[in-house]
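Keep the structure open as you read.

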Amino acid sequence: NNRQRSNVPKMLGMSRRGVRGNFVPPVRSNGGGAGYATTPRGAAEGLEESTRRCLELLVGPDGELPDKLKNVEPKLIEHISNEIMDQDPNVRWDDIAGLEHAKKCVTEMVIWPLLRPDIFQGCRSPGKGLLLFGPPGTGKTMIGKAIAGEAKATFFSISASSLTSKWIGEGEKLVRALFGVASCRQPAVIFIDEIDSLLSQRKSDGEHESSRRLKTQFLIEMEGCGSGIDQLLLIGATNRPQELDEAARRRLSKRLYIPLPSADARAWIVRNLLKKDGLFTLSEEDISKICAGTEGYSGSDMSNLVKEASMGPLRELLLQGTDINKLRKEEMRPVMLKDFQDALLHVKPSVSQSELGNYEDWNRQFGSHS
Ligand code: ADP
């Protein structure tokens with residue numbers, strides 16, 4: 001609401017500029033402390049303490065919010081800071097199985113430019129945005145998080161479908177706030193999952209006014225992203241690249257196919273997950289058999305398979321009458337090949353062969369191959 005917005009700097013007791021740009025001293029707060037940093041509680045009437053704290057982190061040395069955030073509702077800034085911003089995404093390249101080609105491209109295209117914007121100018125200037133496309137559960141989100149981790153960037157992550165559904169009518173404002181906060185937190189990575197639902201080429205006639213405005217606002221923000229020496233990268237992820245229109249493709253100038261994991265990558269996921277739990281006793285032969293039985297499984301299918309297989313030893317003991325309350329962890333045998341064979345009966349691949357063909361076609365037509 002307008003009243004809240006226009007009063008923010010005053011309520012915060014921040015220093016302000018008058019209409020002609022002349023300095024206006026900060027409003028004296030009720031405790032007598034002038035200036036934003038020392039404004040006691042209650043001076044920012046109408047703003048909750050939590051909101052004030054989020055704004056405090058974004059004000060510049062002059063005590064003012066950056067221009068991009070001046071007309072943004074404080075509540076939206078708080079939402080972005082608390083729900084969408086992730087200071088420590090905690091995923092590294094080494095956590096991601098396979099995808100060597102994607103990792104190499106991303107390092108060159110994205111991580112180096114984020115680390116050294118001064119070198120990546122002119123002919124070397126990176127694309128504005130990156131699209132990761134492919135079947136669900138193949139590590140697209142993990143790559144987004146790893147980029148932020150490797151480039152020491154702040155990570156913002158939002159699903160586009162939540163913008164269109166949960167934020168009906170407000171999505172446009174949230175998008176503006178998101179790009180505004182991200183530009184104050186550089187280097188930053190903005191990860192938009194299901195980006196197709198925001199930039200889909202369908203609709204037109206039946207398109208709601210609000211979703212059209214949201215799309216327009218988003219395209220405008222994307223246009224500004226990555227220009228100049230900004231260290232701001234937009235990553236879109238989608239399982240439905242066919243839905244993206246020409247304008248979206250143009251702005252997401254690098255488009256990387258994230259395919260299903262190879263046999264080696266599947267083996268790596270099994271080993272890695274079991275080793276993390278200290279449960280790894282499978283032989284190489286067992287692993288080969290598991291890989292042979294999991295052709296077409298995604299990374300997330302593999303992770304579900306390992307979870308299901310790990311239940312085998314526990315279920316066995318309980319079936320034999322062991323009381324769960326008295327069970328000692330050391331009594332449990334390690335996970336074996338037969339647990340995987342049982343689990344394979346329940347955990348099926350989530351991507352069909354025909355869907356795979358569609359991704360490969362789109363990759364041939366629009367994917368980046370270098
Ligand atoms: P997407 O974004 O492609 O739908 P995610 O990155 O969210 O998929 O992956 C979902 C889960 O599946 C991850 O948390 C991880 O457990 C597992 N997974 C998927 N791909 C990989 C991979 N390449 N390496 C390791 N784990 C993976």
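This is a predicted model: local features need pLDDT of at least 70, side-chain atom pairs count only at pLDDT 80 or more; totals for chains, interfaces and linings use all residues.

## The nonpolar core

The largest nonpolar core has 79 residues, and Ile147, Phe156, Leu178 and Val189 touch the most other members. Helix 8 (residues 171–184) gives this core its largest share, 7 residues. A nonpolar core here is a set of buried Ala, Val, Leu, Ile, Met, Phe, Trp, Tyr and Cys residues joined through C-beta atoms within 7 Å. A residue is buried if 20 or more other C-beta atoms lie within 10 Å of its own, exposed if 12 or fewer, and partly exposed in between; the C-beta atoms are placed from the backbone. In soluble globular proteins, nonpolar side chains tend to be buried together.

Take Val189. Beyond four places in sequence, Val189 contacts Gly144, Ile147, Ala148, Ala153, Phe155, Phe156, Leu233 and Ile235. Two residues are in contact if their C-beta atoms, placed from the backbone, lie within 7 Å.

Residues are numbered from 1 along each chain as its sequence is written.

The pLDDT is the predictor's confidence in each residue, from 0 to 100. The protein chain averages 81, and 83% of the residues score at least 70. Over residues 1–43, pLDDT stays under 50; the model has 60 contacts beyond four places in sequence for them. For the complex, the predictor gives an ipTM of 0.98 and a pTM of 0.81.

## The chain overall

The protein chain has 16 helices and 8 strands. These are DSSP runs, numbered from the N terminus: helices are H or I with at least four residues, strands are E with at least two. Of the chain's 370 residues, 38% count as buried. Among contacts between residues at least 6 apart in sequence, 77% join residues at least 24 apart.

Six strands form an open sheet, in the order 3-5-6-7-4-8 and with mixed pairing. Strand 3 (85–86) and strand 8 (254–257) are the edge strands, each pairing on one side only. Two strands pair if DSSP finds at least two bridges between them.

Strand 7 (residues 232–238) runs parallel to strand 6 (residues 188–193), joined by 5 bridges. Ile192 stands opposite Gly236, and Phe191 has Ile235 as its bridge partner. Strand 4 (residues 129–133) also pairs with strand 7 in the parallel sense, over 5 bridges. There, Phe133 is partnered with Thr238. Why is strand 7 largely enclosed by the rest of the structure? Because 7 of its 7 residues are buried. Leu232, Leu234, Gly236 and Thr238 lie on one side, with Leu233, Ile235 and Ala237 on the other.

## Around the ligand

Which residues come nearest to the ligand? Of the 17 around it, they are Gly139, Lys140, Thr141, Gly299 and Ser300. A residue is near a molecule if its C-beta atom, placed from the backbone, lies within 6 Å of it. Helix 6 (140–150) and helix 14 (299–319) each supply at least two residues of this shell.

Gly299 is found in helix 14. Gly299 counts as buried because 25 other C-beta atoms lie within 10 Å. Gly299 touches Ala97, Gly137, Thr138, Gly139, Pro261 and Ile269, leaving out residues up to four places away in sequence. Gly137 is 162 residues from Gly299 along the chain, yet their C-alpha atoms are separated by 5.7 Å.
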